[in-house]
Amino acid sequence: MQKNSIKNLAVSGLVTAAVAFGSVAQAEGNSVDKSTFNGWKLYKRQRCETCHGPTAEGGAAFPNLVVALKNRTKEEFTTIVLNGKGNMPAFQGNKAVVEGIDDLYTYLKGRSDGTVPAGELTEAQ
Ligand code: HEC
């Protein structure tokens, strides 16, 4: 019994921390919160989509980000996107990506968690 309540406390602590960092996507159908919506727009406009595909599921030479983000921390994600890796270009000189990195993470993490559907999104009012 005591073990359980400690576990619950730990879990709610994690959820609170994630919300505080603003990296949890909210979606109802294809209607999503502002951060997720911005991340989706960046994903398309900054050409992540060109390599990682319209649904973020990758392709022959490009990793599936829906799978990859299950095993990456936000810090690892940020480091890879800003510094580049292998054939992935560095985005540290791209102001829109640097400023929107949290939103990109929110969107892709939401895709990875299954909260955010593939395809066109609208911003919740
Ligand atoms: C020119 C093609 C290209 C573009 C554009 C591109 N990527 Fe990548 N990306 C790659 C390749 C190739 C890898 C694999 C790198 C490796 O592991 O050697 C990769 C890896 C990644 C990874 C790490 C995946 C893992 O293994 O955990 C993330 C996260 C990622 N990309 C996100 C993004 C985001 C976000 C954008 C847009 C801002 C983007 N990529 C744009 C080609 C691209």
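Tutor: Let us begin with a term: two residues are in contact if their C-beta atoms, placed from the backbone, lie within 7 Å. By that rule, and not counting residues up to four places away in sequence, L108 touches G39, A56, L65 and L69. The model is a predicted one, in which local features need pLDDT of at least 70, side-chain atom pairs count only at pLDDT 80 or more, and totals for chains, interfaces and linings use all residues. Residues are numbered from 1 along each chain as its sequence is written.

The part to examine is the helix α7, which covers residues 101–113. Helices (H or I, at least four residues) and strands (E, at least two) are DSSP runs, numbered from the N terminus. The protein chain has seven helices and three strands, and along the sequence they follow the pattern α-β-β-α-α-α-α-α-α-β.

Consider first the length of α7. The expected span of a helix is 1.5 Å times one less than its number of residues. Helix α7 has 13 residues and reaches 18 Å from its first C-alpha to its last, close to the 18 Å expected. After α7 comes G114, whose phi is positive, near 90°.

Next, consider burial. A residue is buried if 20 or more other C-beta atoms lie within 10 Å of its own, exposed if 12 or fewer, and partly exposed in between, with the C-beta atoms placed from the backbone. Eleven of the 13 residues of α7 are buried, so this helix is largely enclosed by the rest of the structure. Among them are I101, L104, Y107 and L108, and also D103, K109 and R111. In the protein chain, buried residues make up 28% of the 125 residues.

What do the buried residues of α7 pack against? They pack against β1 (27–28), α2 (34–45), α4, α5 and α6 (95–99). A56 is buried, with 24 other C-beta atoms within 10 Å. The phi of A56 is near 70°, a positive value in a residue other than glycine.

In soluble globular proteins, nonpolar side chains tend to be buried together. The largest such core here has 21 residues, of which Y43, V97, L104, Y107 and L108 touch the most other members. The elements that give two or more residues to this core are α2, α4 and α7, and α7 gives the most, with five residues.

Helix α2 deserves attention as a packing partner of α7. At 1.5 Å a residue, its twelve residues should span 16 Å, and its end C-alpha atoms are 16 Å apart, which agrees. The buried residues of α2 include F37, G39, W40, L42 and Y43. They pack against β1, β2, α3, α6, α7 and β3. After α2 comes R47, whose phi is positive, near 75°. R47 is placed in the loop between α2 and α3 and, with 14 C-beta neighbours inside 10 Å, counts as partly exposed.

Two strands pair if DSSP finds at least two bridges between them. Three strands form an open sheet in the order β1-β2-β3, with mixed pairing. β1 and β3 (122–123) stand at the edges, each with a single partner strand, so one side of each is left without a neighbour in the sheet. Two bridges join β1 to β2 (residues 31–32), and these strands run antiparallel. In this pairing, E28 stands opposite S31 in β2. T122 in β3 is exposed, with 11 other C-beta atoms within 10 Å. T122 and V32 are 90 residues apart in sequence and 6.3 Å apart in space, C-alpha to C-alpha. Across the protein chain, residues 24 or more positions apart account for 64% of the contacts with a separation of 6 or more.

Note on methods
A nonpolar core is a set of buried Ala, Val, Leu, Ile, Met, Phe, Trp, Tyr and Cys residues joined through C-beta atoms within 7 Å.
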